[in-house]
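Me: I am new to this structure. Please show it, and then take me through it step by step.

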Amino acid sequence: MTTIAPNAGQTASPASDMLATVSSDEQTLRVMLKPHLSVRQVLDATDLRVRAACGGLGTCGACLIQTVSGEFNPPTLAERQKLLPEDLANGMRLACQLRAYSDCELYLENPAPHSAWKSLDPTQLYQASGNPAISEHVYGVAVDLGTTHIRLSVWNRQSGRRIGTRYSINPQVAHGADVLTRLDAERLDVQDCLRIGQQAREAIMDGIRDILSRDMGEITPVLAALGKVLIVGNTAMLTLICGNSGDSLYQPENWQSPIACQPTDADAWRQIWRTPHADIDIAQPLAGFIGSDLLADLLATGITEQSQPMLLADFGTNTEIAVWDGTNLWASSVPGGPAFEGVGMRNGLTAEAGAICKVSASGLQTIGDAQARGYCASGFIDAIALLLDKKHLKPSGRFAEPPTEQGFLLQADMPKSAIFASDIDIFQRAKASTAAAMAQLLALAGLKVNELDRLWICGSFGQHLDLNSAFRVGLLPTLPSERISLLANASLAGCEQLLLNPAGPNLLNDIVQRARTINLGGVFEYENRFIDNLRLQPMPIGEYE
Amino acid sequence: MLDAYIQSYNQAVFETDKQAALDVVNQALSDGFSPEDIVFKLVIPAVELMMTLIEKDPDANLAQHFMTAQIAADVTEKMLEKFSKPPEMIGRVVIGAAYGDLHSLGKRIVSGCLKSLMVDVVDLGTNVSAEKFVDTAMTENAQVIAVSAMMVHTATSEKGSLGVRALLQERGLEQQIKLAVGGAPYRFDPELYIQVGADAWAPDGVTAAKVIVDLIREVKP
């Protein structure tokens with residue numbers, strides 16, 4: 001949500017983050033409350049959401065929460081209208097109006113039913129100015145359809161107001177059928193392709209409805225006034241959501257050429273979505289192996305409008321990489337493998353509650369301070385860096401002492417902290433293919449690492465990433481940290497710009513015109529670079545200088 | 001004797017430390033050992049040792065296979081340049097990824113090990129037609145065609161190994177040229193190599209080199 005609820009106490013609000021312990025009968029969560037966000041906004045990004053049926057204006061009164069201890073802003077006008085004086089006196093508040101002035105404890109008697117959807121931090125997303133020329137069907141939706149995640153936002157295109165954002169796991173992952181892995185290993189049958197495509201459509205509408213029900217309080221009339229849905233994504237997912245089988249992706253001749261992704265059944269699609277006026281638009285991928293999600297990243301970061309050289313990497317199931325030399329763009333993608341999204345490793349997780357996200361000599365830290373359930377990518381990279389420093393792990397990827405069948409326990413009493421030899425192997429190959437691709441594109445562009453003005457890391461992967469660990473294991477070239485930018489939701493931000501900025505399509509076209517797509521499978525030096533980058537050590541500098 | 005170097009070279013290979021391996025070899029050279037001795041008494045035994053180790057080492061991973069094969073190939077190549085006369089090669093293999101398959105890295109491990117075992121490798125790259133495999137094997141007098149396939153449909157396609165088998169049969173070459181296959185699908189189904197008409201298969205690139213050397217010896221005792 002971009003809208004911050006009007007709040008009488010805002011001027012007195014403290015500047016620092018406060019620690020809140022929020023309990024329901026099911027779970028207890030520890031979260032940092034940001035001074036500019038309400039308790040509801042903070043909880044919307046977690047597994048423990050309050051009930052809600054308005055955009056956080058205090059008009060629905062659904063987000064009741066009990067304050068147990070701590071200092072808070074005084075009740076707002078909205079709360080005094082919605083709550084009985086005795087409830088207020090007993091510490092009952094509306095989460096959308098509530099801000100903490102100290103560390104605090106809160107109790108949520110009736111949390112929202114469990115949902116896979118969470119809100120995104122909107123601070124790095126697109127700022128729209130609105131378009132008065134749009135007079136009917138004013139609502140619009142931007143979607144970033146990834147292999148493992150779906151991110152989306154609903155907008156009033158006329159006013160330029162973002163109504164809400166959400167992200168969730170792509171259901172094809174939840175059902176244990178990682179599409180890219182399977183496209184690689186075996187041909188998906190037509191039924192599988194159609195099912196994955198349909199699931200993605202259902203998931204997107206589910207996310208839209210979650211926003212409308214919680215952030216607007218009405219669904220059907222808004223769907224009827226939905227004028228445009230714009231989807232960016234990787235080529236495989238875009239092909240499948242259009243209702244095509246993945247067959248065209250198997251043909252090597254398609255890998256480097258543009259693949260047309262157009263819905264085969266737009267009318268039926270609109271009918272099922274109950275969005276009769278929605279123009280469902282697929283931002284076309286650059287090539288068979290480079291999706292429009294990379295194009296959206298480039299739009300969001302504005303790299304191609306700069307005169308200095310820059311490198312952009314969007315880590316995911318497929319890692320897409322682009323090098324900009326000031327005039328031209330070199331783009332490619334490599335199989336990051338599941339290593340960067342935590343799926344497929346023995347104790348791998350996406351960045352969700354309970355994921356070990358940071359590891360240092362002093363201990364492990366999990367998301368939401370919940371009980372550790374496994375590693376997300378950033379925690380795993382920290383763990384490898386630490387194991388190397390402590391010489392438990394050698395640069396070859398072998399353990400100094402072969403671990404037992406339970407794996408190497410980073411914390412003795414925590415089975416979910418176990419790391420296995422096969423995890424290291426997967427990671428080595430993923431990081432080597434990425435590092436080699438960066439080096440190869442730089443070489444093609446005639447650039448050296450130290451000439452890069454900026455390195456952009458896109459995708460949720462960068463959210464918790466410790467740069468020093470990434471340098472230590474050789475995942476990223478060692479650059480001064482002020483020249484590295486992390487932009488977690490760049491693809492969605494770019495998609496929003498494409499949806500809302502009238503100049504967006506021209507900017508996109510300009511990027512496409514300047515892009516050269518490189519199929520690294522056909523580049524012999526790439527293989528050498530790949531093998532040279534398999535060792536767990538900082539990137540070989542000699543080659544880059 | 002070379003004994004002092006063997007241990008540190010084997011250690012460097014085990015640690016996948018290419019620079020350390022090259023340092024050992026260069027030291028041996030400057031101490032007066034011949035490039036021939038280094039290859040036949042140091043490098044080749046190390047590759048053979050590695051083959052045995054990798055079969056037994058539960059901790060060995062694919063990344064290590066890539067690196068060890070690369071070290072063997074690089075060191076051998078550097079030494080071969082210094083040989084007083086070209087070495088006698090034990091045979092020749094034509095290798096490539098099957099038609100429709102763009103995965104090139106798997107066969108790198110095989111090529112690296114084969115080169116260090118004194119096998120000539122003709123690498124046709126990726127997406128290679130059956131005709132090209134057989135035509136090249138004929139003109140190059142190769143004893144083995146090795147077809148890598150990383151996807152089920154490229155492994156089982158009529159244009160892949162099956163196509164090579166059909167051409168070998170058609171041209172009456174089945175006694176002179178053997179067919180080896182490898183790649184992920186064969187690991188899932190150990191009987192698959194028979195279905196696609198191959199004479200042999202191997203579960204990993206290092207073992208594949210051994211299997212190919214055995215096939216060469218069948219044809220060219």
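Reply: First, a definition: axes are lines fitted to C-alpha atoms, for helices over the stretch in contact, and angles run from 0 to 180 degrees between N-to-C directions. Helices (H or I, at least four residues) and strands (E, at least two) are DSSP runs, numbered from the N terminus. This is a predicted model, where local features need pLDDT of at least 70, side-chain atom pairs count only at pLDDT 80 or more, and totals for chains, interfaces and linings use all residues. Residues are numbered from 1 along each chain as its sequence is written, while chains are lettered from A and ligands numbered from 1 in the order in which they are written.

Me: At what angle do helix 2 and helix 4 of chain B pack?
Reply: Helix 2 of chain B covers residues 18-30. Helix 4 of chain B covers residues 62-80. Their axes are 10 Å apart, and the angle is about 30°.

Me: Which residues of helix 4 of chain B meet helix 2 of chain B?
Reply: Contact requires C-beta atoms, placed from the backbone, within 7 Å. Helix 2 of chain B brings Lys18(B), Ala21(B), Leu22(B) and Val25(B). In helix 4 of chain B they meet Gln70(B), Ile71(B), Asp74(B) and Val75(B).

Me: Is Lys78(B) buried, exposed or partly exposed?
Reply: Lys78(B) is found in helix 4 of chain B. Buried takes 20 or more other C-beta atoms within 10 Å, exposed takes 12 or fewer, and partly exposed lies in between. Lys78(B) has 16, so it is partly exposed.

Me: Which helix of chain B gives the most to the side that touches chain A?
Reply: In the interface, 22 residues of chain B are in contact with 25 residues of chain A. Helix 4 and helix 7 (152-156) of chain B each supply at least two residues of that side. The most, 6 residues, come from helix 4 of chain B.

Me: How are helix 11 and helix 15 of chain A placed to each other?
Reply: The axes of helix 11 (residues 292-301) and helix 15 (residues 490-500) of chain A come within 7 Å and cross at roughly 80°. Angles under 35 degrees count as roughly parallel, over 145 as roughly antiparallel, 65 to 115 as roughly perpendicular and the rest as oblique. Helix 11 and helix 15 of chain A are therefore roughly perpendicular.

Methods: Contact = placed C-beta atoms within 7 Å.
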